[in-house]
Amino acid sequence: MLSKKSFETKAWKVIDKHLPKIETMSSTSTRGGIQGLVDKAEKSVSQTNQQLGEAFQDIQTLMDRAAPMVQLASSIAAKVQKINSSSVGEDPDNALIRNYLVQLGIDSPVTKDVAGSLFHQELAKEIGKIIVPLLSQPPYLGAIDLVDVYCIFNRARGVGNLVSPEDILKSCDCFDKLCIPLLLKKFPSGVNVLQAKGFAEDMVISRIMSELKEQSDGLDVTGLSNRLGNGISLEMLNGYLQSAEEKGLICRDSAPPLGILFYFPVTPFFP
């Protein structure tokens, strides 16, 4: 029988040459499935880490080379400022160098050691550069509390170059001499306000009257301040309210427990 013959010849051990040869996957062949995705992700992460390492190395090299240039520019700025403080006018060459330094962002703040007797004049110039553009933008109405000027100006100068309130107050006396379009106004209450040249106090008073006219029940200082916006501090507002009262444009009433309320008078009166 055929089965007996196959068993005797061990046919299962005979390899048919006509059958296709099945090759096993070698270790060098491309892997598929999950392991292939993992290998691809690891390769991508390795390449990214290598690129980042090279990039940070280039940045560190650039910073190391830039440090001496920054020190040189700062030294030049200090020397130029010292020369200008000892002369009446600024030399054109020095002005050109200062302009280049400003464009590089290395315009050193003025100090008493460098400016000497002209410190407050130089300080007034710096205040003008910062505050004049600020007053033309909302929420300011062309005037700003000197306390706010102190905070904004010192923040711009940096922690290592802070100036005192007294120095800022003295610098305000130099505005007119240096033709800086700023004016220091002192309210009777003692509040100091920095106003832009051409600023009309009547504009603020007119806004106050308009708000009070819409609110027939009256407004206290806080409520009025909220309506006018953040550009006017409570101290400034009290000063303007006092000026308006002296002109007979508004009136006040003490209404416990609400406190002092301000009103637009039905019939204008004059003191």
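These legends accompany several close-up views of a predicted model of one protein chain.

**View 1. The whole chain at a glance.**
Let's start with the overall layout: the protein chain contains 10 helices and five strands. Of its 271 residues, 30% are buried.

**View 2. The largest nonpolar core.**
In soluble globular proteins, nonpolar side chains tend to be buried together. Here the largest nonpolar core has 23 residues. Look for Ile-127, Ile-131, Ile-144, Phe-175 and Leu-194, the residues with the most contacts inside this core. Helix α5 (119-135), helix α6 (146-157) and strand β2 (182-186) each supply at least two core residues. The largest share, seven residues, comes from α5.

**View 3. Ile-144 and its neighbours.**
Which residues does Ile-144 touch, leaving aside those up to four places away in sequence? Its partners are Ile-131, Leu-134, Leu-135, Val-149, Ile-152, Val-193, Leu-194 and Met-236. Two of the partners you can find here, Ile-131 and Leu-194, also belong to the residues with the most contacts inside the largest core.

**View 4. Helix α5, with a bend.**
Follow α5 from end to end: its 17 residues reach 24 Å from the first C-alpha to the last, close to the 24 Å expected at 1.5 Å a residue. At Gly-128 the helix bends by about 30 degrees. Its buried residues include Phe-119, Leu-123, Ile-127, Ile-131 and Leu-134, and also Glu-122 and Glu-126. An α-helix has 3.6 residues a turn, so residues three or four places apart point the same way. The buried residues of α5 pack against α4 (112-115), β1 (143-145), α6, α7 (165-171), β2 and β3 (192-196).

**View 5. An aromatic pair.**
How many aromatic pairs does a search of the whole structure find? The search finds one. The ring centres of Phe-187 and Tyr-240 are 5.2 Å apart and the ring planes stand at 85 degrees, so this pair is edge-to-face. Phe-187 sits in the loop between β2 and β3, while Tyr-240 belongs to helix α10 (residues 234-246), so the pair ties together parts that are 53 residues apart in sequence. Are these two residues buried or exposed? Both Phe-187 and Tyr-240 are buried.

How values were computed. Residues numbered from 1 in each chain as written. Predicted model: local features only at pLDDT ≥ 70, side-chain atom pairs only at ≥ 80, totals over all residues. Heavy atoms only, no water. Core = buried A, V, L, I, M, F, W, Y, C linked by side-chain atoms within 4.5 Å. Buried < 20%, exposed > 50% of the residue type's maximum accessible area, 1.4 Å probe, protein only. Helix = DSSP H or I, 4+ residues; strand = E, 2+ residues; numbered from the N terminus. Contact = heavy atoms within 4.5 Å. Expected span 1.5 Å × (residues − 1). Bend = angle between axes of the 7 residues up to and from the residue. Phe/Tyr/Trp six-rings, centres within 6.5 Å; stacked < 30°, edge-to-face > 60°.
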